[in-house]
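Take a look at the model below, try each task, then follow the solution step by step.

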Amino acid sequence: MGIRCRSSMRLAGLTIVLGCVSPCFAGAASAVADEVTFTRDIAPILQRSCQHCHRPDSVAPMSFLTYEEVRPWARAMKTRTALRNKRGAMPPWFVEKDIGIQHFKDDPSLSEDEIAAIAVWADSGAPRGNPADLPPPRFVVGEDDGWRIGTPDLIIRSPEITVRATGADRWEPIGVVPTGLTQDRYVEAVEIREVNDIPKDSAGGTVGGRFVFHHLNYSSHVMEDEQPEAFTAETTTVWPVHEVGRNADIFPADAGRILAAGSVLNLETAHLHSNGRETKAHLEFAFKFHPVGYRPNVEWVRRFTGNGVDISIKPTLADQELHAYAVLQQHTKILTFEPHMHAPGIRMCLEAIWGASVQTLTCAGYDHNWVRSYVYADDAAPLLPEGTILHLIGYMDTTPANRNVADPRNWGGGGRRSVANMFIDLGEGLALSDAEFEREMGDRRKRLGLTKNDVVIGCPLCQVPFPSQAGAVAGP
Ligand code: HEC
């Protein structure tokens, strides 16, 4: 970082000299006549990182499938992608790239080269380029049903809700819906989307203007009685929360979650908000199943680290920090990091403290328009021994620089509304027995070829050979 380079390019007879902060986009730097073009350089970036949202009938208000659609947004793309992990960034993925674990599943974030390429392209008149360079389309309008998890095996629809044009936020149960399953099925992945009657072109520029469900907590139950109160823990599966802007949940292959025969979805608490226009909306729950006969062999756990009761957020003040600690009661493989704060939140970090080892696992920016869950790649997921202290740090900014804050003059305590505060990591994990924990670490050492001198972020005991595995670790 920090090297400056210049590149020039010829456009309509003019030679434009561009300065960019390194690492420069290699394509732009390599040759004078080598412009950054839509067809060759930009389209592949959009296909990988943008189009699943920016296409008709997905979450974004504008489609980026064709050059004609993309061209007017070139400058805005430069601005939004340059925000990297700050509020308003595109794609909305806020993991910091200079600290902590760097390997995640389904990571749409852009490299420095790609960010530079978009900037050079926008600054040079957003040229189309040679049509022959265009890669085959990733999405074809009308041919794709838009689910990130692939074609679902079961789609369940919630009752339709009407939310008034203006009014206070509502929290309420929205119904109990039968799954219709006649045999137990284990779920590999679940994805939820809101379907509403807000016209694309009349929605505001924010995610909140396009949706009325802020979030929904739900679970599935085997009906023993017609009353939701009769649901018992033994017959209940708790599912990850639905939140606006949240991604799909793909569970680890050995930790599928049961959706039982004869069960119902209990849509316990929906947080609904008005958006200036009377809106009818429902949710669709898409499940992908493991084959019949599949059985999971590890326990999936919802991890809650955080604090709510004594939050005190001062008005018009940057750099406010919140801290929370939790001691792991079991060996744990952390599958996901899911920062959850409200409007003042701008960043969250998760640390693991084991003896004298203090490691930052992940820091991510936060934009309350986007509640994201970051899923660690298999060989990067933290493997933490029982007794590890998880330390969560939240960063708040109530100055006007944080445009999510409605009124910087207000003090804020803990609470459910977005103008009040939360401070939680809603991540998911696997609870491991001693044997499972040792096996996971042994497998990781082998796959990554670790020696006893290699320190792996998130696996403080990885380089400690267990007696049962002595000899499994190569010496330096
Ligand atoms: C997870 C879904 C999602 C992804 C992925 C995504 N966007 Fe967006 N984008 C949105 C939504 C929703 C909005 C409207 C809300 C907003 O402006 O923040 C938006 C807005 C924008 C805007 C703002 C237009 C304006 O009003 O100025 C630009 C530019 C943009 N996106 C570019 C991109 C680019 C470039 C990528 C890929 C590198 C990308 N987006 C990836 C959902 C997404």
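**Exercise 1.** In this predicted model, find the salt-bridge partner of Lys 105 and say which parts of the chain the pair links.

*Solution.* 
- Step 1: Lys 105 pairs with Asp 378, and their closest N and O atoms lie 2.9 Å apart.
- Step 2: Lys 105 sits in the loop between α4 (74-82) and α5 (112-123), while Asp 378 belongs to the loop between β23 (374-375) and β24 (383-384). The two are 273 residues apart, so the pair links distant parts of the chain.
- Step 3: Lys 105 counts as partly exposed because its relative accessibility is 36%, and Asp 378, at 49%, is also classed as partly exposed.

**Exercise 2.** Work out whether Glu 284 is buried or exposed, and name the strand that holds its salt-bridge partner, Arg 193.

*Solution.* 
- Step 1: Arg 193 and Glu 284 meet through their side chains at 3.3 Å, N to O.
- Step 2: Arg 193 is in strand β7 (residues 185-196) and Glu 284 in strand β14 (residues 279-289), 91 residues apart.
- Step 3: Buried means under 20% relative accessible area, so Glu 284, at 16%, is buried. Arg 193, with 27%, is partly exposed.

**Exercise 3.** Classify both partners of the salt bridge between Arg 409 and Asp 407.

*Solution.* 
- Step 1: The closest N and O atoms of this pair are 2.7 Å apart.
- Step 2: Exposed means over 50%, so Arg 409 is exposed at 65%. Asp 407, at 22%, is partly exposed.

Technical notes. Residues numbered from 1 in each chain as written. Predicted model: local features only at pLDDT ≥ 70, side-chain atom pairs only at ≥ 80, totals over all residues. Heavy atoms only, no water. Salt bridge = Lys/Arg side-chain N within 4 Å of Asp/Glu carboxyl O. Helix = DSSP H or I, 4+ residues; strand = E, 2+ residues; numbered from the N terminus. Buried < 20%, exposed > 50% of the residue type's maximum accessible area, 1.4 Å probe, protein only.
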